[in-house]
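Dear colleague,

I am passing on the structure below, and I would be glad if you could look through it alongside the notes that follow.

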Amino acid sequence: MSSHKRFHEKLSWVLDNSIRLPGGYRIGLDGFIGLIPGLGDFISGLLSSLIIIKANQLGVPRAILFRMFINVLIDSVLGSLPVVGDVFDFIWKANQKNSELVAQYEQSPKQVIHRSWWENAAFVIILILVLALIIVIISWLLSAVWSRISNY
């Protein structure tokens, strides 16, 4: 790693790619921090937030900052799942994605902003659909339970 890299690039590298595994795949401290029960994913999320804060200081537009937040949110929420989440932490690499978003924005700002708006909209729509599905399933289950109780 060269010394010219900026803070967000260095932190991203440490959290997502600093350890080389046999076969060349890289992991970072993020996955190991996530293994700490109860606190790991919270600490990891805080460290990931530093990259977003730095991007904001660099003048990265809100659409891209929101996309970066979504990456960290996905990492934190899915990473908190037992066992599967721990594996997910080593694969998702939200920090690398966010550092790459900043670099891509510096190269072609309009394209990255445009793409981020679409990705943000897709995420929000999918999230609304998933929440609606959960509400429908819970309502159906409660209705079935209530029906059994009242017919008992």
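Is phenylalanine 66 buried, partly exposed or exposed? With a relative accessible area of 34%, phenylalanine 66 is partly exposed (buried means under 20% relative accessible area, exposed over 50%, and partly exposed in between, with a 1.4 Å probe and protein chains only).

Please bear in mind that this is a predicted model, in which local features need pLDDT of at least 70 and side-chain atom pairs count only at pLDDT 80 or more, while totals for chains, interfaces and linings use all residues. Residues are numbered from 1 along each chain as its sequence is written, and side-chain values use heavy atoms, with hydrogens and water left out.

The whole structure was searched for aromatic pairs, and 3 were found (rings of Phe, Tyr and Trp, the last by its six-membered ring, pair if their centres lie within 6.5 Å; planes under 30 degrees apart count as stacked, over 60 as edge-to-face and the rest as tilted). One of them joins phenylalanine 66 and phenylalanine 69, which are stacked at 6.3 Å centre to centre with 25 degrees between the planes. These two residues are 3 apart in helix α4 (residues 62-79), and are therefore separated by about one helical turn (helices are DSSP runs of H or I, at least four residues, numbered from the N terminus). Phenylalanine 69 is partly exposed, at 43%.

Another stacked pair is that of phenylalanine 88 and tryptophan 92, 5.6 Å centre to centre and 15 degrees between the planes, and both lie in helix α5 (residues 84-92), 4 residues apart. Phenylalanine 88 is buried, with a relative accessible area of 18%.

The ring of tryptophan 92 also has the charged end of lysine 97 over it, 4.4 Å from its centre (a charge sits over a ring if NZ of Lys or CZ of Arg is within 6 Å of the ring centre and within 35 degrees of the ring normal).
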